Amino acid sequence: MGLLIEGKAIQGVKDERCHYCMNEEKELFHQFYHHRFEKEVIYCRACIRMTYSSTETFYDLLELPDVVDDVEYQLDFELTDQQQYASHEIVETVIKGGRKLLHAVTGAGKTEMILEGIKVARQNGQSVALVSPRVDVVKELFLRMSDYFNTEIDVLYQGQTLKYSSTFVISTVQQLVKYQHHFGLVIVDEVDAFPLPMDERLQKTIERAAEKDAAIIYLTATPPKKMQKDMQDVTVVLPARYHRRPLPVPSYKYLSKRRLMKGGLTPFLKRRPDTYLLVFFNNISDMEKATEVYSDFSPVTVYASDALRHEKVEAIRAGHHAIIFTTTILERGFTMANLDVYVIGAESYTAECLVQMSGRVDRKFIPYDGTVKFFHDGVSRDMQLAVKEIRTMNLNAKKRGWID
């Protein structure tokens, strides 16, 4: 079908439902007296940052035609056996329609696995949406897809607008509210990232943006338990990294908060030349205090609400900072050579978070025998589950001949 635009046909809020974002939660509607309309107006607070959907606003559905694009991609290396297997599974789903979950370890090369599926979809005239809950991931995907494909690509996140015809869109999941039954292929990267797993409205947004017989591909290293159960018959497990080396297995190290703030991390902060360290904290206040304690090592801090976040991440990627203190903002979509990872207060994280953070190490093709340490004040079950998951994936990859 097409794209929601300002118009006359569809009332924004009607019958206790927002017809823009599909919100039905009563507490997310607000009512006030509007002097211009001389009556009470109800508006939706769920999508207020994107639009003003109310009982007095209306939309039209702009028809977007199917466009065949004889698109090709440029790849200067051959896919591994595992990547070829995954790519074949994706193409079959694109042709037949339906759902597929790719449970792929961090560093498996998921981006390269989806290229052939996107090509087939576009050559068949199917519009493509490549989406993620995280803006940082969307930006990374756009840069990589722009390198692979010589075609028009729309990128959408807060503050960005459409430039082309929505035949190939890379966006946050939230931006899909603009579309209804338009995409023949929807690929959701990092499907378990906040806030997607706990927001049913966003999950419905994905389904509404897709055509009736569309292919929807879900990608993640840490699928939610419910998704694993619901999609077990259409799940492809990919336990190997593209470079055929096993996942780094974390080690445990006791470090209380009191000891941390008295310099207990000092012996572990000494770096070899041209190596980098990512230190995850579960509390911004503790991270800032630790930055003062370890100021001799000149750590840089970065977190979601940091006004200089994007500039700092660019500087980090350029190798300007040897030690980075951060929150889970860098647990996904962040790749850097010669990187080690420490997790402070590891007992406070879920197994899924710990797997993602561990997965930042040794992702590049050039080998790096990096370290993952879980600093803790008592080993938790989730820490044990994370290590078990990593060991199991390594074992499965070895059995299938996908790692050396």
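Visitor: Which residues of helix α5 are buried, and what makes a residue count as buried?

Guide: In α5, residues 200–209, the buried ones are Arg 201, Leu 202, Thr 205, Ile 206, Arg 208 and Ala 209. Buried means under 20% relative accessible area, with exposed over 50% and partly exposed in between (1.4 Å probe, protein chains only). This is a predicted model, where local features need pLDDT of at least 70, side-chain atom pairs count only at pLDDT 80 or more, and totals for chains, interfaces and linings use all residues. Residues are numbered from 1 along each chain as its sequence is written, and side-chain values use heavy atoms, with hydrogens and water left out.

Visitor: Why do you say the buried residues of α5 line one face of the helix?

Guide: Seen down the axis of α5, they fall within an arc of 170°, so they line one face. That arc is taken from the directions from the helix axis to the C-beta atoms. Their cover includes β1, β11, β12 (183–189) and β13 (210–220).

Visitor: How do you know which strands β1 pairs with?

Guide: Two strands pair if DSSP finds at least two bridges between them. Strand β1 (residues 2–11) has seven bridges to β6 and two to β11, so both count as pairs under that rule. Both pairings are antiparallel, in an open sheet ordered β6-β1-β11. Ile 5 stands opposite Asp 60 in β6, and Gly 2 faces Gln 180 in β11.

Visitor: Why are β6 and β11 called edge strands?

Guide: β6 (58–63) and β11 (179–180) each pair on one side only.

Visitor: What makes a group of residues a nonpolar core?

Guide: It's a set of buried Ala, Val, Leu, Ile, Met, Phe, Trp, Tyr and Cys residues joined through side-chain atoms within 4.5 Å. The largest one here has 38 residues, and Leu 102, Ile 118, Met 145 and Leu 185 have the most contacts inside it. Helix α4 (residues 135–148) gives the largest share, five residues.

Key:
Helix = DSSP H or I, 4+ residues; strand = E, 2+ residues; numbered from the N terminus. Contact = heavy atoms within 4.5 Å.
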